[in-house]
Amino acid sequence: MHAVYSNLLAVYGRQGWWPADTPFEVMVGAVLTQNTAWTNVERALERLAERIDLSAEAILALDAETLADAVRPAGYFNLKARRLRDFCDFYVASGGLDALSRIATDTLRAQLLAVKGIGPETADDMLLYAFDRPVFVVDAYTRRLFSRLGQLAGDEGYEGVRAAFEAVLGPDVSVLKEYHALLVRHAKEACRSRPRCSACSLRPDCPAGLDAFPLTQGD
Ligand code: SF4
């Protein structure tokens, strides 16, 4: 896992994630990005910002129809509007960022997971990028890449994969942030659903890549 990190960092450089101005914006983005591309989330965030200052109170003050229309570019807009409201209800009832920041990671994680519509990946996005907690985000890109590398079967449970990565990588928040961002970048650049193995820097150690494009003397 360290070798993959070093390789991707050398190829792509630092990604500077998460793309947001405030911790609350990270959390809103984490809710909206479920099952959609980030470019769609950006458009939804822009539309929200055209209507309100981005705060939980302002989101809760919007009527359901206006909120759904604002987040329309993110897809599943009625569902996501409800999820956003549920999250904002939790956020306000919990006392906001300062109060949530004082809660221990495991407890905060459990509280986030108890909010309707927040699953492990969304909770870990929030913990890592909004609260600077040392967690590893497991997403479909991670599973796909490490399955192709022969390091995951692909059907392991979320918690098992998360624990395995965290045990190896340790509690360095900057590494954990960078690693997830690099995995997303690599999934978009090379390890796509139809992978571009011929130019991939991980190919010498990737069974799937070597299968598709065996090394030659020129490699
Ligand atoms: S060699 Fe191909 S399958 Fe392996 S990591 Fe690279 S793009 Fe993915």
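Asn35 sits in the loop between helix 2 and helix 3 (38-51), where helices (H or I, at least four residues) and strands (E, at least two) are DSSP runs numbered from the N terminus. The phi angle of Asn35 is near 60°, a positive value in a residue other than glycine. Another loop, the one between helix 1 and helix 2, holds Trp18. A cis peptide bond joins Trp17 and Trp18, with omega at about 5°.

A word on the model itself: it is predicted, so local features need pLDDT of at least 70 and side-chain atom pairs count only at pLDDT 80 or more, while totals for chains, interfaces and linings use all residues. Residue numbers start from 1 along each chain as its sequence is written.

The protein chain is assigned two pieces, domain 1 (2-15 + 137-209) and domain 2 (23-129); these bounds come from an automatic or database domain assignment. The C-alpha centres of the two domains are 26 Å apart. Six residues from domain 1 and six residues from domain 2 make the contact, with two residues taken to be in contact if their C-beta atoms, placed from the backbone, lie within 7 Å. On the side of domain 1 that touches domain 2, four residues are nonpolar, none is polar and two are charged. In this scheme Ala, Val, Leu, Ile, Met, Phe, Trp, Tyr, Cys and Pro count as nonpolar, Asp, Glu, Lys and Arg as charged, and the others, Gly among them, as polar.

Now for the helix pairs. Helix 1 (residues 2-12) and helix 12 (residues 173-189) have axes that come within 10 Å and cross at roughly 65°. Axes here are lines fitted to C-alpha atoms, for helices over the stretch in contact, and angles run from 0 to 180 degrees between N-to-C directions. Helix 1 and helix 12 are therefore roughly perpendicular to each other, given that angles under 35 degrees count as roughly parallel, over 145 as roughly antiparallel, 65 to 115 as roughly perpendicular and the rest as oblique. Their crossing is left-handed, meaning that the near helix is turned anticlockwise from the far one by less than a right angle (clockwise would be right-handed). Helix 1 brings Tyr5, Leu8, Leu9 and Tyr12 to the contact, and helix 12 brings Glu178, Tyr179, Leu182, Arg185 and His186. Six of the contact residues are nonpolar, one is polar and two are charged.

Helix 9 (residues 120-129) takes part in a pairing with helix 2 (residues 23-32), at an angle of about 160° and with the axes 9 Å apart. That angle makes helix 2 roughly antiparallel to helix 9, and the crossing is right-handed. Val26, Met27, Ala30 and Val31 of helix 2 meet Thr122, Asp125, Met126 and Tyr129 of helix 9. Helix 8 (residues 105-113) also packs with helix 9, at about 135° and with axes 9 Å apart, so helix 8 and helix 9 are oblique to each other. Helix 8 passes helix 9 in a right-handed crossing too.

Finally, the ligand. Of the 13 residues around the ligand, Cys191, Cys197, Cys200, Cys206 and Gly209 come nearest, a residue being near if its C-beta atom, placed from the backbone, lies within 6 Å. Helix 10 (140-148) and helix 13 (207-212) each give at least two residues to this shell. By class, the shell has nine nonpolar, one polar and three charged residues.
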